[in-house]
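Please look over the structure shown below, a predicted model, before reading the briefing that follows. The notes are grouped by topic so that each can be checked against the coordinates.

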Amino acid sequence: LALVCLAPLAARPYAVTPAGQIPSFFNATARWLPPGRTVVVLPYPTATQTQPLVWQAAAGMAFQMPGGYFIGPAAGGQAFMGGPGPVLTANTFLQIEQGAPAPQVTTALRAEFREDMAYWRASAIVAGPGARPALVRFVQQLTGQAPVRAGGVLLWRQP
């Protein structure tokens with residue numbers, strides 16, 4: 001009976017999944033971006049969309065990025081998992097990634113996008129493999145510029 005009770009405590013290996021192909025852009029970010037910059041990475045990183053976090057690690061943490069998640073202490077000694085709430089632009093990116101149609105790009109939406117980019121202090125947007133074509137078109141409409149193909153990603157540099 002004691003062994004049956006202790007069996008669930010036995011060490012088992014964690015389930016793992018392959019990290020996937022890492023675009024060469026992330027191994028040579030210094031070629032494309034000054035170090036320490038903030039980059040908006042698409043697909044937008046969340047607790048369930050972690051590939052951008054792998055790319056950031058592959059780049060040697062050479063850039064900051066909005067999104068992702070954090071696990072740490074919360075009030076009352078409880079665990080907290082999450083991060084600051086996403087801004088309008090991040091919410092829109094997430095909705096498009098989940099299959100919603102991209103909204104019409106208006107002057108007001110472009111102004112909100114510029115405010116969010118300033119809030120993030122972002123100097124570039126990078127769309128990696130797996131970014132939905134609708135999202136790429138939406139970013140192109142927001143920025144008013146075509147992306148540069150660089151090391152397996154699409155890159156928009158912001159002034």
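Q51 is partly exposed in this predicted model, with a relative accessible area of 21%, and it is found in helix α3. Leaving out residues up to four places away in sequence, Q51 touches A19 and Q21. The C-alpha atoms of Q51 and P129 are separated by 9.8 Å, although the two residues are 78 apart along the chain.

**The nonpolar cores**

- The largest nonpolar core holds 24 residues, and within it V40, L42, F93, W120 and I125 touch the most other members.
- Two or more residues of this core come from each of β1 (37–42), α4 (88–97), α5 (107–120), β5 (122–127), α6 (133–143) and β7 (153–157), and the largest share, 5 residues, is that of α6.
- Beyond its neighbours within four places in sequence, V40 is in contact with P66, F93, M117, W120, A122, A124, I125 and V126.

- Helix α5 has 14 residues and reaches 20 Å from its first C-alpha to its last, which is close to the 20 Å expected at 1.5 Å a residue.
- The buried residues in α5 are L109, F113, D116, M117 and W120, and they lie on the same side of the helix because they cover an arc of only 100° around the axis.
- An α-helix has 3.6 residues a turn, so residues three or four places apart point the same way.
- The buried residues of α5 are covered by elements that include β1, α4, β5 and α6.
- On the face of α5 turned away from its buried side are the exposed residues T107, A108, R114, E115, A118 and Y119.

**The cavity**

- A search of the whole structure finds 1 cavity of 30 Å³ or more, and the volume of the largest cavity is about 30 Å³.
- The lining of the largest cavity is made up of L88, T89, T92, L109, E112, F113, F138 and L142, with α4, α5 and α6 as the elements that give two or more residues to it.

**Backbone features in the loops**

- R121 follows α5 and sits in the loop between α5 and β5.
- The phi of R121 is positive, at about 60°, although R121 is not a glycine; at 68% relative accessibility, this residue counts as exposed.
- M61, which is not a glycine either, has a positive phi of about 55°, and its place is in the loop between α3 (51–58) and β2 (63–64).
- M61 is exposed, with a relative accessible area of 55%.
- L42 and P43 are joined by a cis peptide bond, for which omega is about 5°.
- P43 lies in the loop between β1 and α3, while L42, its partner in the cis bond, is one of the residues that touch the most other members of the largest nonpolar core.

Notes:
Residues numbered from 1 in each chain as written. Predicted model: local features only at pLDDT ≥ 70, side-chain atom pairs only at ≥ 80, totals over all residues. Heavy atoms only, no water. Core = buried A, V, L, I, M, F, W, Y, C linked by side-chain atoms within 4.5 Å. Buried < 20%, exposed > 50% of the residue type's maximum accessible area, 1.4 Å probe, protein only. Helix = DSSP H or I, 4+ residues; strand = E, 2+ residues; numbered from the N terminus. Contact = heavy atoms within 4.5 Å. Expected span 1.5 Å × (residues − 1). Arc of directions from axis to C-beta. 1 Å grid on protein atoms, 1.4 Å probe; cavity = no way out; pocket = protein on both sides within 12 Å on 5 of 7 lines; lining within 4 Å. Points joined across faces, edges and corners; volume = space filled by probe spheres on them.
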